[in-house]
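I opened a new notebook for this structure.

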Amino acid sequence: MSNSIQHSTAEATRTALLAKVQPAHLKDEPLVANDRDFNWVTDKICCVVETKTPVWWWVSMVVALMTASFTGIGLLWLVSTGVGVWGLANPINWGWAIVNFVFWIGIGHAGTLISAVLCLLKQGWRTSINRAAEAMTIFAVVCAGIFPLFHVGRVWFAWWLFPIPNSNVIWPQFRSPLEWDVFAVSTYGTVSVLFWYMGMIPDLAVLRDRAVQRLKKDAYEGAGALAKGMDYFRKNLYAIFAMGWRNAGNHWRNYEMAYLVLAGLSTPLVLSVHTIVSFDFALAVLPGWHTTIFPPYFVAGAIFSGFGMVLTLMLPLRALYGLHDLITQRHIDNMCKICLGTGSIVGYAYIMEFFIAWYGANPYESYAFINRAFGQYWWAYLMMFSCNVFTPQLFWFKKVRKNAALVWIMSIFINVGMWFERFVITVTSLANDFLPSSWGYYSPTIVDILTFFGTFGLFSVLFLLFLRFLPLMPIAEVKFVMPAADPHGHSKDRQGGTH
Amino acid sequence: MANVFPKWVNTIPIKVIVAAILIKTAVIAGFTYYFTPKYTRVGYAPTQPVAFSHALHSGQLEIDCRYCHTNVDRSEHSNVPATEVCMSCHSMVRKDDPLLAPVRDSYASGEPIPWVRIHKTPDYVYFNHAVHVNRGISCVECHGRVDQMKVVHHDKPLSMGFCLECHRNPEEYIRPPEEVYNLDWERPETEEFKETAVGFVHDWKVNPPQSCSGCHR
């Protein structure tokens, strides 16, 4: 009895309060703007692949290929001469190679986070960026892999990194975090490719069917034989990779299940891969490396840099292909907020490292950090701190987030800052360790520089090919989150719904 | 929508997988058999400039290995004897045998006999003969029954796996020091000897390196 009286009193209070405050009826911005219909989405995404190659694409491709050739030259130089052509020398035997490896691997993390974690958390806004972010992940892993692969020197023996029985009767050193890295990164690469490809199957089938239909209509008079030939090519290419997808109900059921399984498998990878990368440092006893904060700090940094790169890629993409209705201000806002969140964790970690160095009362540890900020590499530390700690704080302001050009420039700062973070961690600790008599100073050689800058070209080449030949957004998944998919507003977790 | 490919295309993936497994197995098996030292090196028996028979000298006449290979227990390199060592006997024994003509020529001219090298470790492997023979590892472990060979051949693979097999379990190969040059010696298969062997390893502080830099310096 008393219970129901209490209940009704509470209810009455609530009603009275609500009447008094008159809460506003807030509605999320729709994830696809301007009331677009399903057909528009299909056309928009498919036409990127189906229309004539734009001039900017060719220009970018040529520039990217030329830049990528730097990596080719650098690696050829290294293989034909030896690993000594890099600027590595005692005491700094880990220079740009590991810096670039961690830099690229970190960038990949945003793709996995978007495709796996945000999928499990039912974040509808992931749909219009996940495909391109996954592509970015894979290409970043490709670029990252080059560095440790060629750092072994005799690259034709790189297969020794894998536990394959051999006539030398030796195994890799399983106690070394570098070996864990091999497994972490290869697992990561494999799962990312599977995820990316599997998610693409329905869209490849769409591209296949559109080519088949155009061939049936045979309306090529104006366009000529080349266009027809291209459609034959497309039909067969996409038919192979669509693996017989017929859009049937049971196909979709299997697809959804497989997607969920892969999302579940990838979610731990978001955390584990960069944790293991951080073990490369944290398991050594060097002051400045040997800290327990490294795993979470590295993971946050990876997601931070990854979202920086997603913004760097998505904003020009949106402008070039006119995708403003699909990548809306809400998407940019969310990405900026993730940068803000992870960037703040990174900033906190920088400060916490100093606190622990003082609190731990270990003179070597405190020296390592004072040396980091004020020693011979002070300029790198300053670069890192200003780019990574101050830049994202601007994302608190809506005005900043709304200014696409500014967001793009800041995303570049994030990329630069995160590269410097890895440089600072790797080089400062090695250059000034326990023994002052063995202190040194590291500078990269021209081969280091060529190899690294070339990877941006390689990355761009792969990304441009992706844009040209593959659907850059998951068509069906974008449709799920459109207001048109929920015309009566029943679904609360779909994006058209109210709070 | 009509099918783009005919139905039999569905069988391609399984065929490709089966073919890939078969080809891979064949390649791995072929490589393991034909391209490892067990095959590429074992059995190498070049014709030497002099028809010297170890079976006669070492086996039948029981001349100690160290009579000719004088440095084996003192140096990392086990030397091939100079012509003078041959002549220490053959200036009196069979001094006019036509088979020994190249030896006499070499002695007269001072030009060494161009023996063909059979056992060769790569230049990045540092193998020390003295530490092995002085710690109870017999010649026979790496060179086989040279005392029974009329023409010397490469008897053991001498691959890295071959080295490591012993470096990982030295007590299974170690023998009493007085039996090192006795290629005929048979290891007693008794518990007692096993204990003795473990004792050798312990007492002589035999600690065969298994790290890379143990042999690759």
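**Entry 1: a cut-off, then a loop residue.** I need one rule before I start: a residue is buried if 20 or more other C-beta atoms lie within 10 Å of its own, exposed if 12 or fewer, and partly exposed in between. I also note that this is a predicted model.

I looked up Val169(A). It has 14 C-beta neighbours inside 10 Å, so Val169(A) counts as partly exposed. I found Val169(A) in the loop between α5 and α6 of chain A. Its phi is near 50 degrees, a positive value in a residue other than glycine. I wrote a reminder beside it: most residues other than glycine have a negative phi.

**Entry 2: another positive phi.** I went on to Asn247(A). Phi is positive here too, about 65 degrees, and Asn247(A) is not a glycine. Asn247(A) sits in the loop between α7 and α8 of chain A. Is Asn247(A) buried or exposed? I counted 12 C-beta neighbours inside 10 Å, so Asn247(A) is exposed.

**Entry 3: a cis bond.** I checked a peptide bond next. Asn90(A) and Pro91(A) are joined by a cis peptide bond, with omega at about 0 degrees. In general, most peptide bonds are trans. I placed Pro91(A) in the loop between α3 (55-81) and α4 of chain A.

**Entry 4: α4 and α5 of chain A.** I turned to helix pairs. Two packed helices are described by the angle between their axes and the distance between the axes. I took helix α4 (residues 96-120) and helix α5 (residues 127-151) of chain A. Their axes come within 7 Å and cross at roughly 155 degrees. Angles over 145 degrees count as roughly antiparallel, so α4(A) is roughly antiparallel to α5(A). I noted the crossing as left-handed. Sorted by class, the contact between α4(A) and α5(A) has 17 nonpolar, eight polar and one charged residues.

**Entry 5: α8 and α9 of chain A.** I looked at a further pair. Helix α8 (residues 249-282) of chain A packs with α9(A) at an angle of about 125 degrees, and the axes are 8 Å apart. The two helices are therefore oblique to each other. Their crossing is right-handed. Which residues of α8(A) and α9(A) make the contact? From α8(A) I listed Leu271(A), His274(A), Thr275(A), Val277(A), Ser278(A), Phe281(A) and Ala282(A). From α9(A) I listed Phe294(A), Pro295(A), Phe298(A), Val299(A) and Ala302(A). By class, this contact has nine nonpolar, three polar and no charged residues.

**Entry 6: Leu313(A).** I stayed with α9 of chain A, which covers residues 294-321 and holds Leu313(A). Why does Leu313(A) count as buried? I found 21 other C-beta atoms within 10 Å of Leu313(A), and the cut-off is 20 or more. Leaving out residues up to four places away in sequence, Leu313(A) touches Ala132(A) and Met136(A). I also took a distance. Leu313(A) and Gly440(A) are 127 residues apart along the chain, and their C-alpha atoms are separated by 38 Å.

**Entry 7: His202(B).** I moved to chain B. His202(B) lies in helix α10 (residues 191-203) of chain B. With 10 other C-beta atoms within 10 Å, His202(B) is exposed. Cys65(B) is 137 residues away along the chain, and the C-alpha atoms of His202(B) and Cys65(B) are separated by 27 Å.

**Entry 8: chain A as a whole.** I counted 16 helices and zero strands in chain A. A compact globule of 499 residues would have a radius of gyration near 23 Å, and the 26 Å of chain A agrees with that. Its C-alpha atoms fill a box of roughly 80 × 75 × 45 Å along the principal axes. Of its 499 residues, 39% count as buried.

**Entry 9: chain B as a whole.** Chain B has 11 helices and zero strands. For 217 residues a compact globule would have a radius of gyration near 17 Å, but chain B has 25 Å. I boxed its C-alpha atoms at roughly 100 × 50 × 35 Å along the principal axes. Of the 217 residues of chain B, 13% count as buried.

Conventions: Residues are numbered from 1 along each chain as its sequence is written. Chains are lettered from A and ligands numbered from 1 in the order in which they are written. This is a predicted model: local features need pLDDT of at least 70, side-chain atom pairs count only at pLDDT 80 or more; totals for chains, interfaces and linings use all residues. Helices (H or I, at least four residues) and strands (E, at least two) are DSSP runs, numbered from the N terminus. Two residues are in contact if their C-beta atoms, placed from the backbone, lie within 7 Å. The radius of gyration is taken over C-alpha atoms; the globule rule is 2.2 Å times the number of residues to the power 0.38. Axes are lines fitted to C-alpha atoms, for helices over the stretch in contact, and angles run from 0 to 180 degrees between N-to-C directions. Angles under 35 degrees count as roughly parallel, over 145 as roughly antiparallel, 65 to 115 as roughly perpendicular and the rest as oblique. A crossing is left-handed if the near helix is turned anticlockwise from the far one by less than a right angle, and right-handed if clockwise. Ala, Val, Leu, Ile, Met, Phe, Trp, Tyr, Cys and Pro count as nonpolar, Asp, Glu, Lys and Arg as charged, and the others, Gly among them, as polar.
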